[in-house]
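Here is a short note for a colleague opening this entry for the first time. Please read the points with the structure in view.

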Amino acid sequence: MSESRLLLHARAAGRAFLLPVSELREVVPGSPVTPIPSGPPGIQGVVLHHGEFLPVLDWGVVVGDPDHAAPPAVLAVLRPRLGLPLEGLAGTVEAPEGGLNDPPAEDAWGPILAGLCRLGNQDLPVLDPDRLLALLHRLRKAR
Amino acid sequence: MDPSFDDVWAECEDLFVQARQRLAALKSPQPPHVVQASVNALFRTTHTLKGMAGMLGFPRFSQAAHRMEDIFDLMRQGRLRSTDSLIETLEAGIQALESGLTELRRGRPEPEDYLHAIRRQLGELEALARPSEGAVLDLTALLDLPPDMLKALSEYERTRVTAVLLAGIPIQGVSVRLDLATFDDRLRSISEAAGAQGELISTLPLEMHDDRDGLFFLLLVAAPALETDGLDVLPEENLEIMELADPDRVPASLKADPGPLVAPPAPGPAPVASHSPAALPLDAEVLRLPAQRVDALEARLMTVAQVRDSASLALRETQDPGLARPMAMMGEIEAGLLEVQKALLQMRMVKVESLFQRIEPMVRALSRDMGKPVRLTFQGGDLELERSLLGRLTEPFLHLVRNALDHGLESPEERSAQGKAETGSLKISASQRGRNLRFDLRDDGRGFDLARIEARGLAMGLLKDGQIHSVEDLHRLALEPGFSTKERASQISGRGVGMDVVRAEVEGMGGDIQISSEPRRGSLVRLSLPLSRAVIACLKVRCGQQTFGVPLNHVLRVQSSLAPVHGGGRIEVLGRDLPMESLQACLGLSEPSGGQQFFVVLRQQGAAAESGLDLALGVDEVAGRVELLLRSLPELAHAPGIMGGSLQEDGVLWVLDPEAVMGLAMDSLMKRVADV
């Protein structure tokens with residue numbers, strides 16, 4: 001199977017989700033996040049990664065659930081150099097044939113999803129990094 | 001482009017840097033042996049470039065490098081004098097080759113003749129150096145040596161012997177006996193020591209008809225005298241020094257007309273062996289490393305620093321007075337780590353001066369060709385920028401300079417008629433502004449023709465008729481793709497592919513370009529480029545639980561007051577009443593309820609006392625001075641007022657962007673006034 005069809009099966013902000021492996025730089029153990037004074041909304045702070053500061057996403061602001069800003073167990077580093085704090089990893093799965101379904105309109109994750117992927121008997125959200133970055137830019141502009 | 005040749009391209013770039021530095025050094029008076037060593041190095045550089053171009057498959061580049069090599073060969077043989085105009089021609093030649101190489105790397109085809117612009121000058125030089133009627137002056141017979149040894153001298157060594165004697169410099173002989181097992185190392189060492197005292201012309205093996213063991217050598221050194229102690233010769237090596245040739249024995253008729261030879265140094269103090277600060281160590285070994293190796297080393301060093309921080313924390317938590325010594329040792333490790341980090345950073349950095357060195361010859365050549373005398377000044381050459389940026393900046397700068405001379409500066413007649421000095425002015429300055437390195441190019445020419453820009457913008461459909469266009473809009477328009485006010489392309493600039501390319505290149509580096517001008521008073525082009533890493537000196541201050549660094553180059557004064565002052569108040573500093581704002585208020589943190597007693601007085605960098613904005617920043621505590629490795633924040637994490645951070649023992653120390661903080665403070669003060 002090609003890498004572009006491989007999905008990372010992870011959990012963050014209390015919800016299981018999928019992320020195309022092709023969008024990942026690497027997955028590293030979590031480390032304490034240093035907050036930035038007057039830092040941008042949607043970014044909880046930075047960690048040092050390969051000698052550079054890596055911004056770490058604040059799921060609480062992005063998906064509207066402020067209870068999930070705990071120290072990450074694992075950090076998924078996206079290609080555009082953004083760290084996604086994860087609560088855990090389940091492994092990788094092959095993307096099934098067929099397209100994605102639209103998420104329900106009331107889904108708080110809606111603005112950052114590519115769609116829902118049917119795996120077994122459950123619909124898992126598939127994260128779209130481009131939409132996530134666009135949301136972060138919107139949040140910053142709105143500040 | 002084949003990536004396997006990346007190293008070759010990179011080495012060519014290094015060779016050009018070295019060539020420019022050596023040519024620049026030749027412009028100031030140097031001892032003859034230093035001049036000779038520089039010319040030799042330039043000869044080798046062009047020879048290497050010729051070979052590399054052949055390897056890369058660029059025969060015309062190779063031919064052009066060969067022609068330059070020939071000129072340096074004539075110089076090193078003493079058949080061309082090192083004059084200002086010669087150096088200027090050579091600089092133009094090196095610049096033409098370098099620009100040509102950049103074009104080749106972009107996939108452009110080879111031009112017919114890279115040295116087209118200086119073809120006439122090169123022809124004159126070659127004609128000047130040609131020996132008249134085949135006669136070549138040779139003074140080697142003046143050497144006090146047996147004929148068979150004289151025969152052993154190469155053609156180059158003969159020309160050097162002749163040249164130095166005509167220049168009035170004696171030739172000394174240094175004979176040594178070296179051990180068979182170590183002679184190569186020892187000979188190299190002694191040769192280097194002799195070369196530091198004069199020009200080493202030749203190293204000849206000597207045949208000694210006695211029963212002593214070892215190998216014998218005779219070194220020919222052009223120098224008024226040699227210091228025995230400085231030659232690094234061991235007692236058993238039987239050092240002997242003798243004068244082999246006295247310039248006074250050169251016939252007076254030859255001295256009166258020495259022909260085309262290297263000019264002797266200007267009269268003045270006795271020449272010294274040390275080089276000017278700008279000169280390269282002549283035999284410095286240069287290591288080329290892939291940048292990834294340095295990246296990996298930096299990342300590893302960071303991990304070590306983190307372990308050290310954890311160990312330091314663990315030691316502190318034990319609170320054992322017996323651990324004072326290990327704690328002090330931790331401090332030494334910290335200092336050592338910072339030194340290594342700085343050294344690693346240094347590997348990536350070059351002085352802005354090297355960018356200026358690329359620009360200067362071009363300005364001079366353009367000034368001459370266009371008949372527009374210009375006074376060129378540079379400022380901020382000691383600042384540093386990343387090596388990777390230097391290569392990308394050169395072309396944009398050259399274009400901006402061409403524009404300034406072609407469009408900006410008027411002819412001497414036009415300037416005179418306007419009451420201006422006939423000589424125009426072009427000032428290029430570099431300064432560090434917050435997280436940016438700023439370059440300003442100012443000329444005192446005619447300024448941008450905004451009426452013409454507007455007309456052109458309308459004709460191109462970039463502006464709408466009937467609307468009012470601000471001065472800023474019109475200046476900005478000059479940076480739009482394909483925009484040019486020149487109806488026809490000039491040879492110098494105005495080809496419609498200039499300013500937009502400059503803008504694209506600068507923005508590609510994460511930077512920004514702004515232009516402004518005043519009619520008949522001149523133009524300013526300002527480039528701001530973000531610094532990703534730098535070592536900076538800061539004042540360490542605390543606010544609440546957080547520590548911040550304030551770059552010292554913006555700190556005017558640190559002051560305390562007996563009574564606490566609240567943000568929005570005023571304090572007296574050196575007889576001036578200044579507005580005070582708390583750092584917490586600037587950064588959106590909660591302000592201390594009891595006010596603050598420590599103040600950092602900030603001033604805009606470069607601002608004069610009477611015109612600049614001074615502001616007192618309230619902090620909870622001033623913790624001293626620190627030098628630290630600054631890492632900038634990526635765009636996604638950019639926070640107003642923060643330039644970047646540095647990893648310290650107790651976590652990340654955030655470094656303030658003073659100019660941005662001053663802006664935030666003014667906003668906060670205005671808000672306070674509005675709220676009242």
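**Notes on the two chains**

1. Chain A has two helices and ten strands. Helices (H or I, at least four residues) and strands (E, at least two) are DSSP runs, numbered from the N terminus. Along the sequence, the pattern of chain A reads β-β-β-β-β-α-β-β-β-β-β-α.

2. This is a predicted model, where local features need pLDDT of at least 70, side-chain atom pairs count only at pLDDT 80 or more, and totals for chains, interfaces and linings use all residues. Residues are numbered from 1 along each chain as its sequence is written, chains are lettered from A and ligands numbered from 1 in the order in which they are written, and side-chain values use heavy atoms, with hydrogens and water left out.

3. Chain A has 143 residues, and 49% of them count as buried. Buried means under 20% relative accessible area, with a 1.4 Å probe and protein chains only. Take the contacts in chain A between residues at least 6 apart in sequence: 55% join residues at least 24 apart. Contact means heavy atoms within 4.5 Å.

4. Turn to chain B. Five of its strands close into a barrel, in the order β12-β13-β21-β20-β19, with mixed pairing. Two strands pair if DSSP finds at least two bridges between them. Strands β20 (residues 642-648) and β21 (residues 651-656) of chain B run antiparallel, joined by six bridges. B:Gly645 stands opposite B:Trp654 in β21(B). Helix α10 (residues 291-318) of chain B packs on the sheet and touches β12 (533-543), β19 (621-632) and β20 of chain B.

5. Helix α11 (residues 324-348) of chain B passes a length check. Its 25 residues should span 36 Å at 1.5 Å a residue, and its end C-alpha atoms are 37 Å apart, which agrees. The expected span is 1.5 Å times one less than the number of residues. Buried residues in α11(B) include B:Met330, B:Leu337 and B:Arg348. Among the elements covering the buried residues of α11(B) are α10, α13 and β12 of chain B.

6. The largest nonpolar core has 43 residues. Such a core is a set of buried Ala, Val, Leu, Ile, Met, Phe, Trp, Tyr and Cys residues joined through side-chain atoms within 4.5 Å. Helix α13 (residues 387-408) of chain B gives the largest share of this core, nine residues. B:Phe397 is among the residues with the most contacts inside the core. Beyond its neighbours within four places in sequence, B:Phe397 is in contact with residues including B:Ile359, B:Phe439 and B:Leu527.

Terms used
Axes are lines fitted to C-alpha atoms, for helices over the stretch in contact, and angles run from 0 to 180 degrees between N-to-C directions. Buried means under 20% relative accessible area, exposed over 50%, partly exposed in between (1.4 Å probe, protein chains only).
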